Amino acid sequence: ALSLDPKLQNAQDDLRRFAEQGGHVIILPQDTERWNADPLIQGLKLHTSQSYDESAVVDADSTHRYFMTPNVVQRSDWDDWLWFRSYASAEINSPGVEIPARVKKDGNPLIVSQSMGAGRITYINLALQPQLLNVHPGAFRLLANLLSY
């Protein structure tokens, strides 16, 4: 979503327009410094953290669409993750933001979603890449649900 390459930094405007026109922008973990300079979800600030290893317990709203359709994401889908649950701590100060998943212990947001025009922008503060590379079924169920929204 965001790039450290100056030639690609204007892509943010395109992503905002896409969401405003009814698209769903899904953003996987970003460089915290680059994100904080111009976040796509206003009021969402990230801090690099090593605090959220794979044992961090997830408190997910099981009634939220992200965890219900087309796949049911169950509590066991958070088991057996590799290395990290999240690379960053996040603070959010924005009205109208949904946080359907967070770390149970301290409330750190793991998924942040906000309506924008006719669409939506969703920031995934989960370390999904290692789980997908490890072919973790729960990570694939969650990603499929996010993409189907």
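Modeller: Two strands count as paired if DSSP finds at least two bridges between them. Please note that this is a predicted model.

Biologist: In what order do the five strands of the open sheet lie?

Modeller: The order is 1-7-6-5-3, and the pairing is mixed.

Biologist: Which strands stand at the edges?

Modeller: Strand 1 (24-27) and strand 3 (58-60) do. Each has a single partner strand, so one side of each lacks a neighbour in the sheet. On average, neighbouring strands in this sheet are turned by 15° against each other, direction ignored.

Biologist: How many bridges join strand 6 to strand 7?

Modeller: Six bridges connect strand 6 (residues 109-116) with strand 7 (residues 119-124), and the two run antiparallel.

Biologist: Turning to the helices, what does helix 4 lie across?

Modeller: Helix 4 (residues 137-148) lies across strand 1, strand 6 and strand 7, and runs at about 150° to strand 1.

Biologist: And the largest nonpolar core, how many residues does it have?

Modeller: It has 18 residues, and those with the most contacts inside it are Phe67, Trp78, Ile111, Leu126, Leu128 and Leu142. Strand 5 (97-103), strand 6 and helix 4 each give two or more residues to this core. Helix 4 supplies the largest share, three residues.

Biologist: What does Leu142 touch?

Modeller: Leaving aside residues up to four places away in sequence, Leu142 touches Tyr66, Phe67, Val73, Trp78, Ile111, Leu126 and Leu128.

Biologist: Which residues does the second core include?

Modeller: That separate core has 15 residues, including Val25, Leu46, Val97 and Met116.

Definitions and conventions:
Residues are numbered from 1 along each chain as its sequence is written. This is a predicted model: local features need pLDDT of at least 70, side-chain atom pairs count only at pLDDT 80 or more; totals for chains, interfaces and linings use all residues. Side-chain values use heavy atoms; hydrogens and water are left out. Helices (H or I, at least four residues) and strands (E, at least two) are DSSP runs, numbered from the N terminus. Axes are lines fitted to C-alpha atoms, for helices over the stretch in contact, and angles run from 0 to 180 degrees between N-to-C directions. Contact means heavy atoms within 4.5 Å. A nonpolar core is a set of buried Ala, Val, Leu, Ile, Met, Phe, Trp, Tyr and Cys residues joined through side-chain atoms within 4.5 Å. Buried means under 20% relative accessible area, exposed over 50%, partly exposed in between (1.4 Å probe, protein chains only).
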